[in-house]
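Have a look at the model below, then read on.

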Amino acid sequence: MAFSFPQAARQALLLAAFLPWAGAQAQVQAGPGTWSGNQTWATDSVNGGALTGNYYWPATAPSLAGKRALVLVLHGCAQTAAGDIIDGTGDKGYNWKGAADAYGAVILAPNATGNLYGAHCWDWAKSTHSRSTGHSGVLLDLVNRFVSNPQYAIDPKQVYVAGLSSGGAETMVLGCLAPDIFAGLGINAGPPPGVSTSQIGMVPSGYTATTAANNCKNLAGANAPQFATQVAGVIWGTNDYTVAQGYGPLDAAAMRIAYGGTYTKGAAVSVPTGGSNIPHTDANGKVRTSEIAVTGMGHAWPAGAGGQSGNYVDASKVNYPAFVMDFWFKNNLRVARAAAPSMTSCSASASGSTITVNGAATGTIGSYQVVLNGPTPVNDAAAGSGASFSKAYTARADGYYSGSVTATDSSTGLTSSACPIAQFLVGAAPALQAPANLAVGARSASSIALSWNASNGAIGYNVYRNGNKVNASAVASTGYTDTGLTAATSYNYQVSALGNGGVESARSATVTGSTSSGFVCTTTTSSNYAHVTAGRAHDSGGYALAKGSNQNMGLNNTFYTATLAQTSAGYYIIGNCP
């Protein structure tokens, strides 16, 4: 079957680019907000049978460019769309409905045709792939059915694919075979192109990210230039002993090589419920790949709270649909984004009990919003419009006020960043109060960071450690890092506010902070045999167990690889440092 987007779809997309966002938004039809019954789509002449499955059409509005995104979700071996991906009577499956509602996206959940590899897998391990035959052919046909149907209002620039295991491998195949179709990928525990089914448990000797990238670019053929605007997320579990964990970072590196150019590795950022994400940005500062190692997760789809908890779905870990949708939408390089308006000035002045707020902005401003915090608060979303405004608020109680002004563009619906209004006084100054909510932040072996709420009327702050002032001059901000401390030691802190004329408030409530031990966590990736030999793990019945935590790393041999983090002296856990 030949695959191409119809001329009508391309013309509709061009027309939409010239329409105001609000107008395009109004034309998008609300869906039923429920998963469909089982559907029958294209016939698979290679693997046998017809492609079947379910789809989800949300009732919510799309969140980008006034048109809907389309996400193709591929199950793993021994799974089905109805049994594992879509919401059931007792769980939310892969947990895609919540993400679809949040972004107004259509979700496709097909079943693998035939019975490949004895467990209804996708045909990712084929030596050749075609856009018109086999699983890739019927899946691209399915995408085209929805993109070309105007009732769904799908934006061809917002088409994504994600999957687990054989579905993750097929995700990479589709992303490589059709980079012109898929703007983003979500590869979960998927071996890359060119790997056989017998090699899923270990990365073959000599197979590198460059090998995978070359295979990927060969699949793309004449469509390889479209890699310039594709993004890819990769995720895997640190306890996955079915598909080698080494394929995770290898997949991400291969996609960067296929994308071309140079990249900067970002710092690891914690993802709620056990994940650690490493982003890579290109030379233009755009995030192009995401790598998440999910601590303690085996071979499974990370569904997050409410998802299925069994048959290769883990509801106790990262909510990957929520994460990857956010990743795709924030970093989509194909959708033109209108610039938000910009506040050029804002100010406030007090005369008696009246506050007058002024502001100006660039753009076609339909409304200004004024927010004032103080004894008589203001939250006025209709303070004015046009290039500038001035509005008076009468009968304000005495005390300190601060706030902000934002502007909303009437043609795009976008809102500016807030223009801050510095603290000012109405009437007589009240007594200077001690700072509230003193809290301990980041700690090291020799330092403790502190933060607190601002005190009305304060021009600075003093910090006290164990009853003694530690700052030589007034602290201008609402944060302070105390340094030169002793490792593994507890300290008591208080903060006071300073006012004009040398006035000092009472001290805040006391908080206790402790410095860390000074131990620096390190990670080592090696074969289980090497870990045991080096003393990072020990053998128990032929299995390698991490020293200290006793986490099972798999068989004690050179064919199983694991990453161990030493979190304290003589104590190792599977995965990266916390």
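This is a predicted model: local features need pLDDT of at least 70, side-chain atom pairs count only at pLDDT 80 or more; totals for chains, interfaces and linings use all residues.

## Ground rules

Two strands count as paired if DSSP finds at least two bridges between them.

Residues are numbered from 1 along each chain as its sequence is written, and side-chain values use heavy atoms, with hydrogens and water left out.

## The whole chain

Let's start with the big picture. The protein chain has 10 helices and 33 strands. Its C-alpha atoms fill a box of roughly 85 × 65 × 45 Å, taken along the principal axes.

Now for contacts, meaning heavy atoms within 4.5 Å. Among those between residues at least 6 apart in sequence, 64% join residues at least 24 apart.

Strands of a sheet pair through backbone hydrogen bonds, either parallel or antiparallel.

Zoom in on β23 (residues 460-465) and you can see it pair with β24 in the antiparallel sense, over 2 bridges. Which residue of β24 is the bridge partner of Arg465? That's Asn468.

## A second sheet, from β16 to β20

Another open sheet has 4 strands too, in the order β17-β16-β19-β20, again with antiparallel pairing. Its edges are β17 (378-384) and β20 (419-426); each has a single partner strand, so one side of each has no neighbour in the sheet. From one strand to the next, the twist averages 25°.

In this sheet, β16 (residues 365-373) and β19 (residues 399-409) pair in the antiparallel sense over 8 bridges. One example to look up is Val371, whose bridge partner in β19 is Ser404.

Two packed helices are described by the angle between their axes and the distance between the axes. Axes are lines fitted to C-alpha atoms, for helices over the stretch in contact, and angles run from 0 to 180 degrees between N-to-C directions. As for the wording, under 35 degrees is roughly parallel, over 145 roughly antiparallel, 65 to 115 roughly perpendicular, and the rest oblique.

Helix α5 packs against α6 (residues 166-177) at an angle of about 70°, with the axes 11 Å apart. That makes α5 roughly perpendicular to α6. On the α5 side, His135, Ser136, Leu139 and Leu140 meet Glu170, Val173, Leu174 and Leu177 of α6. By class, this contact has 5 nonpolar, 2 polar and 1 charged residues. (Nonpolar covers Ala, Val, Leu, Ile, Met, Phe, Trp, Tyr, Cys and Pro; charged covers Asp, Glu, Lys and Arg; the others, Gly among them, are polar.) Leu140 is buried at 0% relative accessibility, and its C-alpha is 9.7 Å from that of Leu72, 68 residues away in sequence.

Next, α6 packs with α7 (residues 209-220) at about 55°, their axes 7 Å apart. The two are therefore oblique to each other. Val173, Cys176 and Leu177 of α6 make this contact with Cys216, Leu219 and Ala220 of α7. By class, that gives 6 nonpolar, no polar and no charged residues.

## Two buried aspartates

Where is Asp123? Look in the loop between β4 (106-111) and α5 (134-147). Asp123 is buried, with a relative accessible area of 1%. Leaving aside neighbours within four places in sequence, Asp123 has contacts that include His135, Ser136 and Glu170. The side chains of Asp123 and Asn47 are joined by a polar contact of 3.4 Å. (A polar contact is a pair of N or O atoms within 3.5 Å; within protein, one must be able to donate a hydrogen and the other to accept it, and residues adjacent in sequence count only if both atoms are side-chain atoms.)

Asp282 lies in strand β10 (residues 275-282) and counts as buried at 11% relative accessibility. Not counting residues up to four places away in sequence, Asp282 touches Thr262, Tyr263 and Arg288. With Arg288 there's a side-chain to side-chain polar contact of 3.3 Å.

Terms used:
Buried means under 20% relative accessible area, exposed over 50%, partly exposed in between (1.4 Å probe, protein chains only).
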